[in-house]
Amino acid sequence: MSHFTSPMRLTSSLIKKLKNRVRAGSNPLLSQYRSFTAIEGHRPVIVHKRSLDILHDPWFNKGTSFSITERDRLDLRGLLPPNVMTSDQQIERFMADLKRLEHKARDGPSDPNALAMWRILNRLHDRNETMYYKVLIAKIAEYAPIVYTPTVGLVCQNYSGLFRRPRGMYFSAEDRGEMMSMVYNWPADQVDMIVVTDGSRILGLGDLGVQGIGISIGKLDLYVAAAGINPQRVLPVMIDVGTDNEKLLKDPLYLGLQRHRLDGDEYLAVIDEFMEAVFTRWPHVIVQFEDFQSKWAFQLLQRYRNTFRMFNDDVQGTAGVAIAGLLGAVRAQGRQMIDFPKQKIVVAGAGSAGLGVLNAARKTMARMLGNNEHAFESAGRQFWVVDANGLITDERENIDPDALPFARKAKEIHRQGLREGASLVEVVQQIKPDVLLGLSAVGGLFSKEVLEALRGSTSTRPAIFAMSNPTKNAECTAEDAFSVVGENVVFASGSPFNDVDLGNGHIGHCNQGNNMYLFPGIGLGTLLSGSRIISDGMLQAAAECLAAYMTDEEVLKGIIYPSISSIRDITKEVAIAVIKEAIVEDLAEGYREMDARELRKLNQEEMEEYVLNNMWCPEYSTLVYKNQ
């Protein structure tokens with residue numbers, strides 16, 4: 001806690017809340033209120049409301065699925081149509097509405113149509129949370145792009161106009177000194193997962209201020225759908241420290257603080273206070289940092305990662321998914337993953353995501369080469385990094401300290417026919433890389449000229465990773481890659497693209513290198529291991545698990561990422577890999593009845609059972625009313 005230089009004071013409102021909690025604890029009935037521990041085991045849930053109050057509570061509402069017995073017990077008879085429907089029948093009705101919307105879209109899927117689908121799903125989320133997640137899990141490949149990227153970017157851009165019902169918590173610069181009290185306004189006594197953003201760099205869309213809460217909500221939807229985190233134990237958070245978006249500062253309908261962003265020590269003080277507050281109330285919570293601008297992403301990660309259970313998905317999650325894809329690209333060449341250190345990689349983009357991938361890739365190569373100082377030096381020579389000012393070398397003035405380890409030596413570069421600030425196309429022409437990796441957030445950066453240069457790659461099967469989100473920021477499309485470079489290229493992107501018909505029965509596979517392959521499993525594995533921190537080894541284990549998930553036959557066809565429809569199984573496997581690594585590193589402390597000693601005794605089959613038994617499934621629980 002050495003980072004927290006400003007002591008927190010107990011406000012009168014906090015003291016009052018703590019006293020109320022002590023009184024509630026003395027009453028066994030009140031202490032069960034919203035404890036949120038019964039759903040995984042499908043035990044009856046005690047509720048302290050009935051009639052219309054139940055129907056207006058999305059955590060407990062079943063709509064037309066309430067049984068006749070429950071309708072009598074909860075005073076619902078006459079408040080619902082008489083026909084009792086199954087959850088499958090409810091989903092069928094809901095899907096019929098969505099299909100009607102799709103038929104009305106004259107030109108096929110479009111941004112307005114995607115936003116309309118998001119509105120329909122969001123309204124379902126507002127009234128019946130169980131059914132919402134049942135639909136999402138059943139149609140995850142279809143609806144993940146609606147609740148997450150790319151549609152979530154459009155949602156965030158329009159969030160002030162879309163806001164209807166508050167979801168999550170908002171901590172602002174105006175709340176300094178009050179956050180320790182504020183966390184007790186959230187009704188859940190147990191929170192397992194928080195996704196927090198300050199809205200400063202939402203996807204590739206820039207500073208969206210308080211509207212960035214949409215990304216926290218979308219990420220947690222995937223934690224529930226993919227990892228089975230109980231939806232009553234997740235918390236989306238927005239930290240509003242202002243915005244530098246001039247349009248939002250002048251917008252009378254903007255919902256956030258209309259002031260320029262805090263910076264420096266003032267900014268850090270706000271984040272420090274938030275972290276101390278949430279970990280004081282929920283000591284075992286996991287906090288995922290999301291879409292913080294580069295200047296803070298690395299600093300906050302280093303500030304907290306050895307003290308709290310936290311990680312940054314843009315830095316570490318993106319890196320893990322990219323590493324899995326890079327290892328898959330090696331396999332697609334018919335080689336073993338151990339040959340990864342021989343790959344020549346040109347990276348376009350030196351922001352938080354690009355540098356996160358570079359650091360992770362270098363560590364992976366170095367580990368394969370012996371994990372010593374010489375191995376790190378050797379691994380570093382496999383990367384050429386190009387930012388907005390061209391190729392980064394040690395001649396660069398005012399170089400970003402985080403990029404310095406990847407700056408090429410000027411003398412070496414001159415021998416390769418390059419110079420400081422050389423363009424991307426020049427670098428590709430001279431280096432003839434195995435991999436062209438884009439994390440620049442510049443749509444179309446991989447122009448026809450750049451792609452034609454890649455045709456000269458020394459690899460029998462070059463790989464293109466156009467990883468920037470949302471879709472409009474992708475460095476190139478799948479069709480561009482296959483039409484210019486050739487059908488033998490391996491293609492991956494951050495946002496979804498359709499496979500490309502190459503003719504003669506051949507398909508150019510588009511692999512979506514989506515962070516959702518990893519972050520749900522990292523979160524679930526950390527939760528179930530009880531690990532005190534999230535180590536580099538745990539993240540590496542997650543990436544290698546994803547890389548090995550595909551069969552040799554699939555990889556040789558150019559398929560390096562699995563289908564999103566398998567996300568629950570992928571997440572289970574990643575979580576197991578994370579738990580095992582936590583045990584090896586002696587970080588695991590266990591979860592609930594499973595202490596660290598028992599966790600170490602589990603064999604593979606028992607570990608799978610342990611993980612599956614702790615993944616929440618959207619099934620209606622029996623509700624029992626008790627008067628407070």
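Good morning. Asp 75 is partly exposed, because its relative accessible area is 38%; buried means under 20% relative accessible area, exposed over 50%, and partly exposed in between, with a 1.4 Å probe and protein chains only. Asp 75 lies in the loop between helix 3 and helix 4 (87-104). Helices here are DSSP runs of H or I with at least four residues, strands are runs of E with at least two, and both are numbered from the N terminus. The phi of Asp 75 is near 60°, a positive value in a residue other than glycine.

Residues are numbered from 1 along each chain as its sequence is written, and side-chain values use heavy atoms, with hydrogens and water left out.

The pLDDT is the predictor's confidence in each residue, from 0 to 100. The chain averages 89, and 91% of the residues score at least 70. Over residues 22-39, however, the pLDDT is below 50, and this stretch has 34 contacts in the model beyond near neighbours in sequence; contact means heavy atoms within 4.5 Å. Residues 105-110 also have a pLDDT below 50, with 1 contact beyond near neighbours in sequence. Where pLDDT is low, the predicted coordinates should not be read in detail.

Let us return to helix 3 (residues 68-73), which holds Glu 70. Is Glu 70 buried or exposed? Glu 70 counts as buried, because its relative accessibility is 5%. Leaving out residues up to four places away in sequence, Glu 70 touches Lys 62, Ser 621, Thr 622 and Leu 623.

Asp 291 is buried, as its relative accessible area is 2%. Most residues other than glycine have a negative phi, and most peptide bonds are trans.

On that last point, the peptide bond from Thr 149 to Pro 150 is cis, with omega near 10°. Pro 150 is in the loop between helix 7 (140-147) and helix 8 (151-157). The bond from Asn 469 to Pro 470 is also cis, with omega near -10°. Pro 470 belongs to the loop between strand 11 (463-466) and helix 21 (478-485).

Next, I turn to helix 19 (residues 424-431), where Leu 424, Val 425, Val 427, Val 428 and Ile 431 are buried. They span an arc of only 160° around the axis, so they lie on the same side of helix 19; the arc is that of the directions from the helix axis to the C-beta atoms. Among the partners of these buried residues are strand 7 (345-348), strand 10 (435-438) and helix 20 (448-454). Just after helix 19, Lys 432 takes a positive phi of about 55°.

Finally, consider Ile 564, in the loop between helix 24 (552-556) and helix 25 (567-584). Ile 564 counts as buried, because its relative accessibility is 12%. Which residues does Ile 564 contact, leaving aside its neighbours within four places in sequence? They are Ile 140, Ala 141, Ala 144, Met 516 and Tyr 517. Thank you for your attention.

Technical notes: This is a predicted model: local features need pLDDT of at least 70, side-chain atom pairs count only at pLDDT 80 or more; totals for chains, interfaces and linings use all residues.
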